[in-house]
Amino acid sequence: MTEYIHISKNMKRSIAANPSNSPPETRTKTHPFSSSAKAEIDFVCVPNLPSFMRRDSRLSGVLHVLVHMAQASEPVTSETLAGLIKTNPVVIRRIMGGLRNKGYVRSEKGHGGGWTIAQDLSTVTLLDVYLALGSPDLFALGNRTEAPRCFVEQAVNAALNDTFQEAEALLLNRLGTITLAALSEDFHSRARSADRRCRAESHAAHALPTQTC
């Protein structure tokens with residue numbers, strides 16, 4: 001489904017500074033609520049609006065590197081961790097700093113230094129990590145204005161606020177039930193399954209030399 005969203009002045013400046021930020025297709029379109037048929041504003045044509053909205057992936061990224069760190073037998077550098085999630089080492093150091101302040105990881109300087117897990121994985125939940133990141137916004141949705149004078153918008157805000165609060169409580173509760181140990185075990189389970197499939201395909205390849213694992 002094609003959606004149209006308005007390009008703000010800040011977005012225009014961002015696109016001008018970095019063309020890669022440009023949405024899939026930009027066009028000029030008459031605003032449907034304009035009192036003048038000649039009034040035109042810039043819109044972007046976005047085939048899938050949710051995928052275009054900027055998402056905060058810090059929690060996903062830091063969980064990714066934490067599980068990798070749990071498999072390491074020695075400290076892992078910020079550069080190595082940054083390569084795992086294709087980001088800058090400065091970003092890793094900033095994110096990991098919050099976890100270090102909570103005692104979930106530790107850092108060692110000098111040759112052979114890097115980041116290590118500081119607590120048992122079974123004692124750290126996804127909620128702990130989320131809070132250590134500063135509790136980033138869980139939803140991209142929000143109210144158009146927070147203190148409207150319009151009674152209609154007040155009703156809309158009340159309904160949405162109740163829904164957001166219920167959804168947030170449910171999500172945070174769920175994050176609190178999942179530990180880093182559970183993530184690590186899920187990783188190992190998937191790796192074992194992939195290894196079994198590879199072995200089975202290798203065994204079958206003996207009968208069919210053209211097949212490879």
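The model is predicted: local features need pLDDT of at least 70, side-chain atom pairs count only at pLDDT 80 or more, and totals for chains, interfaces and linings use all residues. Residues are numbered from 1 along each chain as its sequence is written, and side-chain values use heavy atoms, with hydrogens and water left out.

Arg-94 lies in helix α5. Its C-alpha is 9.6 Å from that of Leu-133, although 39 residues separate Arg-94 and Leu-133 in sequence.

The protein chain has eight helices and five strands. Helices (H or I, at least four residues) and strands (E, at least two) are DSSP runs, numbered from the N terminus. Along the sequence, the pattern is β-α-β-β-α-α-α-α-β-β-α-α-α. The protein chain holds 213 residues, and 25% of them count as buried. Among contacts with a separation of 6 or more, 56% join residues 24 or more positions apart. A contact means heavy atoms within 4.5 Å.

Helix α5 (residues 89-101) packs against α3. Two packed helices are described by the angle between their axes and the distance between the axes. For α3 and α5, the angle is about 80 degrees and the axes are 11 Å apart. Axes are lines fitted to C-alpha atoms, for helices over the stretch in contact, and angles run from 0 to 180 degrees between N-to-C directions. The two helices, α3 and α5, are therefore roughly perpendicular. That term covers 65 to 115 degrees; under 35 is roughly parallel, over 145 roughly antiparallel, and the rest oblique. On the α3 side, the contact is made by Arg-58, Val-62, Val-65, Leu-66 and Met-69. On the α5 side, Ile-92, Ile-95, Met-96 and Leu-99 take part. These residues divide into eight nonpolar, no polar and one charged. Ala, Val, Leu, Ile, Met, Phe, Trp, Tyr, Cys and Pro count as nonpolar, Asp, Glu, Lys and Arg as charged, and the others, Gly among them, as polar.

A pocket is an open set of points on a 1 Å grid over the protein atoms alone, with protein on both sides within 12 Å along at least five of seven lines; lining residues have an atom within 4 Å of a point. The lining has 15 residues, with Arg-55, Asp-56, Asp-137, Leu-138 and Phe-139 nearest the centre. Both α3 (58-71) and α7 (151-175) supply at least two lining residues. α3 gives the most, with three. By class, the lining has 10 nonpolar, one polar and four charged residues.

How values were computed: On a 1 Å grid over the protein atoms alone, a cavity is a set of points where a 1.4 Å probe fits but cannot get out, and a pocket is an open set with protein on both sides within 12 Å along at least five of seven lines; lining residues have an atom within 4 Å of a point. Buried means under 20% relative accessible area, exposed over 50%, partly exposed in between (1.4 Å probe, protein chains only).
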